[in-house]
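Dear colleague,

Please find below the structure that I am handing over to you. My notes on what was found in it follow directly after.

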Amino acid sequence: GIFPLPGTTHRFGYRSRTAPAGLGFYVEDNLRFTPNLSLNLGLRYEFVTRLNDNFGRTVFLPDPVRDTEVQFGPYLERNPSPRAPAPRLGLSWSPWADRDTVVSAGFGIYYDQFLAYVISSKKASAPFFQKIVRNNFSSTDTFPNAVAAAEGFPAQAQVLDYRHTVTPQVLRYNFAVDQPLPGGWLFQASYVGARGNHLFRVYEANLFPVPVTRADGSLFFPPDAGPVNPAMGSITLISSDTQSFYNSFRIAARKRVGSGISLRSSYTYSKSVDDASSFAPRTGQYGLSRTLERGLSDFDIRHRFVVNYFYTPPFGSGRRWGTSGVLGQALGGWRMGGIVSFRTGTPFTPQIRVRTPGFLFSPTRPNLLPGRSNNPVLGGPDKYFDSSVYAVPEPGTLGNAGRNTITAPSVFRMDISLQREFLLDAKRRLQFRAEIFNVLNHPNFGRVSGGSTVVFSGESGRLNSTAGRIRETSATSRQIQFALRFSF
């Protein structure tokens, strides 16, 4: 249970500035070695001052395992921001004499400076905000008196990793080849990658026993044991130890056919992996071991294909046919366009909500039964995945089902538009536009979310009857809209 007690405050006045003088710096130089080889070099540098609060309501916890209370002072032992130089490198090379083929590459380091957003959602910390968190307890004797249920328990501390926080860093790199092809096509093949280091995550660091490592290497959280630090209650810790990895390969082509058709298409194959895709992942089991959460990113999309086009019929003034007369007036001046897109679904995690009396620790993911698929998709909105492949973990143990192992339904859309401009005189014109979104009215189901991701719940570990049910769509049904625009 979570019990915010009366007499607490959410009032803070955070202040920091980009230094010095509120400025960032960037230097750049372009080097041309030969007519077909050039290099671009750059260096960006900026830092922010230490984050302070006008009311002096900042606290820190140097040692979450041994400290008995939070201390008043800056969130971090030192400001990590000044140690963040950000170089840039760009390369362009035309290997052949005709310079039609272009090879380009780039590399850069980027930083996410420590600003107020990092702590603003977790500022409700003891002693200024009295929020009590109790795991695995019975409210029979105190319900609905929340104050009585919280009596005698320490308030939640929400702090940063005082000694080890580092400015989050992302390395971005790309390589591309542009090549004209016969028939007026321009083709591009490219690789884009990124690696994140020292990214922020939030996790519970105290409300579980110290685990025991068993003979098979698995962890066991013993029963009838208190938290890691008995003097403290819940400790919500913000650390900068998370990593992310993104790699993608993309091919694209575009062509203008005469003066009436333009066509663009692209296909991207990509994979994104991380330890946490947001500040507070809901599926984490044991925060002190971040690699247990390594899996597909919440936003991972493996395949994406897009085609867009415009077509102007060859009728009307200045065109091939129907330059005058009824045919030209009726068909001339129209323009058609559209987008066709397909992408695979994003992943989600199977969960459980089972509490066992006597155990402070409880897993958030189930066990995957031996020999069963970790992506047990059945299809259909009523029962999208097969819940029979999972089992409730033994009390005090972690579930072995991975994070983000189930892939949501794919998304397909076809949108079209039709427009025409009517010239009223030299200064005024009227544009008519008709647009149809999801013209095929194709159903695009969303991913399983909320309580439908929960496979087992309750003290008995009963099977959730709504597990695998999709409750929403990821795109609208067919929609038609008309518009008139008068320009003068």
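Arg66 is exposed, with 64% relative accessible area, where exposed means over 50%, buried under 20% and partly exposed in between, computed with a 1.4 Å probe on protein chains only. Arg66 forms a salt bridge with Asp63, and the closest N and O atoms of the two are 3.1 Å apart. A salt bridge here is a side-chain nitrogen of Lys or Arg within 4 Å of a carboxyl oxygen of Asp or Glu.

Please note that this is a predicted model, in which local features need pLDDT of at least 70 and side-chain atom pairs count only at pLDDT 80 or more, while totals for chains, interfaces and linings use all residues. Residues are numbered from 1 along each chain as its sequence is written, and side-chain values use heavy atoms, with hydrogens and water left out.

The structure holds 17 salt bridges. Side chains of opposite charge can pair when their charged atoms come close. One of the pairs joins Asp298 and Arg403, with 3.8 Å between the closest N and O atoms. This pair links distant parts of the chain, 105 residues apart: Asp298 is in the loop between strand S20 (295–296) and strand S21 (303–311), and Arg403 is in the loop between strand S26 (390–391) and strand S27 (406–407). Helices (H or I, at least four residues) and strands (E, at least two) are DSSP runs, numbered from the N terminus. Asp298 is partly exposed at 27% relative accessibility, whereas Arg403 is buried at 5%.

A further salt bridge connects Glu421 with Arg429, the closest N and O atoms being 3.5 Å apart. Glu421 is partly exposed at 35% relative accessibility, and Arg429 is partly exposed at 39%.

Thr349 lies in the loop between strand S23 (347–348) and strand S24 (351–353) and is buried, at 4% relative accessibility.

The peptide bond from Ala126 to Pro127 is cis, with omega near 5°; Pro127 is placed in the loop between helix H1 (116–120) and strand S12 (131–133). Asp224, a residue other than glycine, has a positive phi near 50°. Asp224 lies in the loop between strand S17 (219–220) and strand S18 (235–257), and it is exposed at 72% relative accessibility. Asn438 likewise has a positive phi, near 55°, and is found in the loop between strand S29 (429–437) and strand S30 (454–457). Asn438 is buried, with a relative accessible area of 1%.

As for the protein chain as a whole, its secondary structure comes to 3 helices and 32 strands. The C-alpha trace spans about 90 × 55 × 50 Å along its principal axes. Of the 488 residues, 41% are buried. Among contacts between residues at least 6 apart in sequence, 73% join residues at least 24 apart.

With kind regards

Terms used: Contact = heavy atoms within 4.5 Å.
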